[in-house]
Amino acid sequence: MGVPSDDAVLIQKGTKSGEPHVVTVNCPDKTGLGCDICRIILDFGLYITKGDGRWCYVVLWVIPYSKLVVRWSNLKDRLLYICPPSCSVSFYLNQHSLTTSSSSSSKSCPVYLLKFFSLDRKGLLHDVTHVLSELELTIQRVKVTTTPDGRVLDLFFVTDNLDLLHTKKRQDETYEELHAVLGESCISCELQLTGSEYESHQGMSSLSPVVTEELFYSEISDKEIYSQALSPDVTKLKKANVTIDNSLSPAHTLLQVHCVDHKGLLYDVMRTLKDFNIQIAYGRFSPKNTGYRDLDLFIQQKDGKKIVDPEKQNGLCSRLKVEMLHPLRVIIANRGPDTELLVANPVELSGMGRPRVFYDVTLALKTLGICIFSAEIGRYSDQDREWEVYRFLLEENNKFQLANVVVRNQIVDTVRRALMGW
């Protein structure tokens with residue numbers, strides 16, 4: 001079985017400032033291919049302005065949404081990596097096994113422990129996260145602790161998207177970039193392949209029943225829609241309409257989504273369809289219009305049939321509506337005498353989580369001038385779903401009295417807007 005050629009992924013850069021770049025992927029199909037493409041696009045800090053696709057021919061118009069430097073050649077390599085091999089009809093008979101092996105291989109990437117000890121300062125955690133993001137090191141777990149004398153011990157468990165961290169050149173580049181941002185505040189910095197210590201950090205401090213209920217509830221009440229699912233214009237309620245129509249095509253079900261735009265919107269739709277094991281024959285992602293987006297998809301079940309079962313239709317529409325209204329959960333709670341910010345990120349059935357969540361949260365807290373006393377990332381299973389949970393213990397300061405309800409709402413709103421790209 002062959003491998004994808006360079007022509008499987010083409011990137012045409014915009015000729016003028018602000019002009020979208022066009023990313024084209026043309027390769028054999030597999031269930032979840034659209035989700036994998038959108039996750040990588042999001043991981044490179046790119047915003048999809050519009051999209052079009054038929055089976056495995058996908059065209060996306062993208063623009064950078066952050067200050068991160070986009071390494072376009074690396075983006076092409078990452079997209080080529082997830083393209084299924086070319087030729088051989090047997091590929092189509094083994095889509096599931098290929099998808100499974102792809103997920104397994106991504107999970108088997110070597111995990112490295114980056115450990116540094118430094119003097120604390122505002123925005124330190126985000127500055128380090130920014131460097132790791134630009135180096136294309138993915139944060140798998142993190143443990144950040146502030147000592148009583150104002151120093152910080154940071155443990156970052158990372159994987160290398162370039163798979164070069166075993167080389168001295170790549171390690172020296174990482175040390176150099178970290179020392180550049182840490183400066184004289186850096187006391188020590190070490191990088192090593194993990195062993196049993198990674199397994200010991202897989203767990204997470206227990207969540208109280210009250211926090212669990214608020215963070216993972218599946219139903220969205222009218223009150224929640226008003227208080228937490230507001231659009232960028234806080235005077236308007238955020239709306240999400242999801243409909244299914246079987247009358248327009250003899251072989252496919254038409255799925256239509258109309259909702260407020262947000263960063264990663266197309267990824268959120270695609271990962272939901274991937275989890276439901278649904279294939280996409282054709283799709284169009286329309287440009288933003290007055291803050292809203294329209295998405296039209298002609299879909300099938302994996303057996304090649306339309307979705308006609310009312311229970312399956314309702315289940316898919318309900319899940320999509322929840323994901324459109326509230327793709328990430330953000331709350332503030334008390335943890336003993338301390339104030340804790342929690343962010344829950346749904347994990348795909350393949351085990352992959354939404355990228356850059358830690359980056360966006362630390363950026364929002366840095367913008368507010370709030371220091372982080374400790375931070376950790378862990379996994380939590382609730383009923384039939386797995387979540388990636390980010391926990392931050394926040395430090396009191398003169399500007400922000402964390403016991404104040406108005407201040408807490410401001411923090412939650414700022415973090416959510418950073419995550420949603422508003």
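Biologist: Which hand has the crossing in which α12 passes α13?
Modeller: This is a predicted model, where local features need pLDDT of at least 70, side-chain atom pairs count only at pLDDT 80 or more, and totals for chains, interfaces and linings use all residues. Residues are numbered from 1 along each chain as its sequence is written, and side-chain values use heavy atoms, with hydrogens and water left out. A crossing is left-handed if the near helix is turned anticlockwise from the far one by less than a right angle, and right-handed if clockwise. The crossing of α12 past α13 is right-handed.

Biologist: Are α12 and α13 parallel or oblique to each other?
Modeller: The axes of α12 (residues 357–368) and α13 (residues 405–420) cross at roughly 135° and come within 9 Å; helices here are DSSP runs of H or I with at least four residues, strands runs of E with at least two, both numbered from the N terminus. Axes are lines fitted to C-alpha atoms, for helices over the stretch in contact, and angles run from 0 to 180 degrees between N-to-C directions. Angles under 35 degrees count as roughly parallel, over 145 as roughly antiparallel, 65 to 115 as roughly perpendicular and the rest as oblique. The two helices, α12 and α13, are therefore oblique.

Biologist: Which residues of α13 make the contact with α12?
Modeller: Contact means heavy atoms within 4.5 Å. Val-357, Asp-360, Val-361, Ala-364, Leu-365 and Leu-368 are the α12 side; the α13 side is Gln-410, Ile-411, Thr-414, Val-415, Ala-418 and Leu-419.

Biologist: How far apart are the axes of α1 and α10?
Modeller: α1 (residues 33–43) passes α10 (residues 265–275) in a left-handed crossing. They pack at an angle of about 145°, and the distance between their axes is 8 Å.

Biologist: Which are the edge strands of the eight-stranded open sheet?
Modeller: The order is β1-β2-β4-β3-β11-β12-β10-β9, with antiparallel pairing; two strands pair if DSSP finds at least two bridges between them. The strands that pair on one side only are β1 (9–12) and β9 (240–245).

Biologist: How many bridges join β10 and β12?
Modeller: Val-260 stands opposite Tyr-292 in β12. β10 (residues 253–260) and β12 (residues 292–301) pair in the antiparallel sense, and the number of bridges is eight.

Biologist: Which element has the lowest mean pLDDT?
Modeller: pLDDT is the predictor's confidence in each residue, from 0 to 100, and the protein averages 85. Where pLDDT is low, the predicted coordinates should not be read in detail. Strand β2 (residues 21–26) has the highest mean, 96, and the lowest, 38, belongs to helix α3.
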